[in-house]
Amino acid sequence: MSKVMSHRSLERLGRGLTGSCVAISFALVVTLIVMVTYHGLTTFIVDGISPVSFFCGDVWNPHETGDNGVPLLGALPMIVGSFAVTLLSCVFALPFAIGSAICIVEIIPRIGRTVIQPVIEVFVGIPSVVFGLIGLMIVVPWTAGWAGGTGYGIFSAAIVLAVMILPTITSLSVDAIAAVPQSYRLGSYGLGCMRWQTIWHVVLRSALPGLLTATILGMARAFGEALAVQMVIGNATAIPDSLFTPASTLTSILTMGMGNEAMGTIPNDALWSLALILMGMSLVFIAIVHLVGRKGANVHA
Amino acid sequence: MRETSITVHAMRARRVDRIATSVLIAIAASLCLLLGIMIGYVLVMGAGKMFDPSFLFGKPQQFKAGGGIGPELFNSFYLLVITLIISVPLALGAAIFLVEYAPDNVIVHVAKMAIEVLASLPSIVVGLFGFLFFVLMMGWGFSIISGALALTMFNVPILVRVIQQALESVPLDQRDAGLALGMTRWETTLFILLPAAMPAIITGIILSAGRVFGEAAALIYTAGQSAPVLDFTCFDLTNPSCPWNIFRPAETLAVHIWKINSEGVVPVLTAISDGTAAVLLVCILLFNLVARFIGRTLSRRLSA
């Protein structure tokens with residue numbers, strides 16, 4: 001009887017210990033979401049800034065008030081900047097990432113899977129400040145050289161981000177393409193298709209959900225990247241005229257501003273609202289990944 | 001007539017196939033070239049500083065030429081160790097619960113989702129939360145402990161995923177055998193599953209350590225951007241110059257690169273930041289090599 005009891009209490013101990021680890025992690029996430037949401041909404045609820053002027057205003061100058069006596073808090077330049085660098089970096093990165101992934105899995109699998117893929121996985125772990133530094137040293141002077149101006153701007157930031165998310169998207173795309181069942185390829189070859197026809201009509205088509213997920217995760221990483229972007233975008237809080245004039249993103253303004261504003265002031269609350277937008281977008285990215293995953297599962301079933 | 005059109009079609013297919021193949025190979029080659037040049041550039045630019053002991057172990061200087069990264073190098077490793085001490089047990093526990101015990105109900109699904117959300121939050125958001133919660137509300141100030149907890153939030157989801165996969169890939173027979181011997185789930189996990197999954201877990205931990213080591217955005221408002229002078233003869237844990245004091249601010253290598261570039265008050269800025277970047281990169285590459293090596297050796301020893 002005592003043996004049974006000790007078994008039961010052992011089991012209870014294990015369940016309790018490990019369960020509390022999950023509970024702690026869960027509590028931290030909930031605290032994070034609640035606190036960021038609370039501080040982010042303060043701008044609108046307590047400080048009385050209208051959401052419309054916040055999302056559509058294009059002047060960001062928290063320490064000055066406009067004609068109507070309300071601080072100038074227009075987040076549009078940062079929102080535009082964030083989306084512009086994210087989309088542009090994806091446009092730069094996608095052909096390289098997916099092309100390389102196809103090459104690694106389908107064309108040179110021997111070298112690809114044993115040499116190139118591990119090397120690319122190492123690159124996923126390279127710190128973003130290193131990318132920012134390389135951007136500062138190489139990309140900014142290079143852009144300034146042929147486009148004129150200072151070289152700081154959305155274009156340079158998109159190049160840096162593209163290089164940064166290349167390994168991420170490539171590595172996930174390799175997994176997606178490699179997960180296509182071999183029988184699909186054999187079936188296609190059996191019908192007399194060439195390798196490229198097989199890749200284009202069969203492999204890519206059935207790997208599509210996985211490739212989409214890879215792209216979205218890469219976009220999420222680009223959207224949330226702070227320091228590498230802040231170092232090369234120039235940090236001007238106005239909607240830029242071109243891709244080559246200084247601009248700013250949500251993350252770059254947060255990085256620079258949070259240290260300068262005292263907690264509880266309106267400029268500080270406004271920064272938390274930017275953080276809230278950032279958090280909301282990353283939730284949207286996850287939701288899309290889930291939707292794509294579910295759809296992909298349905299198609300395969 | 002019909003035959004020739006098929007021949008033409010086949011010829012065209014073959015030509016397209018050749019072109020596509022060479023384009024794909026060119027793309028992959030340029031990707032490798034790009035990444036290779038990047039690593040080479042950082043290492044070559046920093047090579048001069050990397051082997052200079054007065055740089056590696058010296059004090060940083062402001063407004064004055066020279067200066068090293070001694071405290072930053074120490075802080076990076078110390079912060080990493082503290083982070084792992086907190087995050088590994090937490091992640092291990094959470095992963096074991098999710099694999100072994102988790103009932104299939106709404107609460108567990110929500111908890112799983114929460115961990116996944118944490119994995120995809122931008123690190124600057126995690127850093128700002130750390131600033132609000134650990135630095136201000138808990139009153140720990142810019143300190144190693146605040147930084148380590150912020151990094152834990154960043155690290156736990158990665159670790160949970162790795163450990164979960166490692167545990168799930170242990171063959172079902174082994175788990176059943178343990179249970180059939182009359183062991184509890186807890187004992188089976190501790191004595192059978194964990195040892196079997198250990199190589200993958202350790203590899204995962206070291207790889208995540210590389211990520212933590214290079215993280216900067218989550219640290220600038222938690223562990224702070226200043227590196228007090230360290231006195232390694234001091235063991236008074238309340239003294240800010242005691243290296244082991246977890247309530248002192250600690251700037252890491254990655255934060256240092258960002259800070260000196262955005263402040264611009266350090267003379268010979270490029271030399272210092274290139275050197276720091278090279279040191280950082282070498283550390284990360286070493287983490288990767290060690291992870292692969294240990295993973296391989298351990299699994300060979302276990303399977304022998």
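The bend at a residue is the angle between two axes, one fitted to the seven residues ending there and the other to the seven starting there. Keep that in mind for the first stop.

This is a predicted model, where local features need pLDDT of at least 70, side-chain atom pairs count only at pLDDT 80 or more, and totals for chains, interfaces and linings use all residues. Residues are numbered from 1 along each chain as its sequence is written, while chains are lettered from A and ligands numbered from 1 in the order in which they are written.

**Stop 1: a kinked helix.** Select residues 109-124 of chain A, helix α4. Helices are DSSP runs (H or I, at least four residues), numbered from the N terminus. Find A:Ile116: a kink of about 35° lies there, shortly before the proline A:Pro118. Now colour A:Gly112, A:Ile116, A:Gln117, A:Ile120 and A:Phe123, which are buried (20 or more other C-beta atoms within 10 Å of their own, C-beta atoms being placed from the backbone).

**Stop 2: two domains.** Move to chain B. Select 1-50 for domain 1 and 53-303 for domain 2; such bounds come from an automatic or database domain assignment. Their C-alpha centres lie 37 Å apart. Eight residues of domain 1 and nine of domain 2 make the contact (C-beta atoms, placed from the backbone, within 7 Å).

**Stop 3: where the chains meet.** Show both chains. How many residues does each chain give to the contact? Chain B gives 68 and chain A gives 63. On the side of chain B, select α1 (2-50). This helix gives the most, with 17 residues. Other contributors include α3 (70-101) and α10 (269-303) of chain B.

How values were computed: Two residues are in contact if their C-beta atoms, placed from the backbone, lie within 7 Å. Helices (H or I, at least four residues) and strands (E, at least two) are DSSP runs, numbered from the N terminus. A residue is buried if 20 or more other C-beta atoms lie within 10 Å of its own, exposed if 12 or fewer, and partly exposed in between; C-beta atoms are placed from the backbone.
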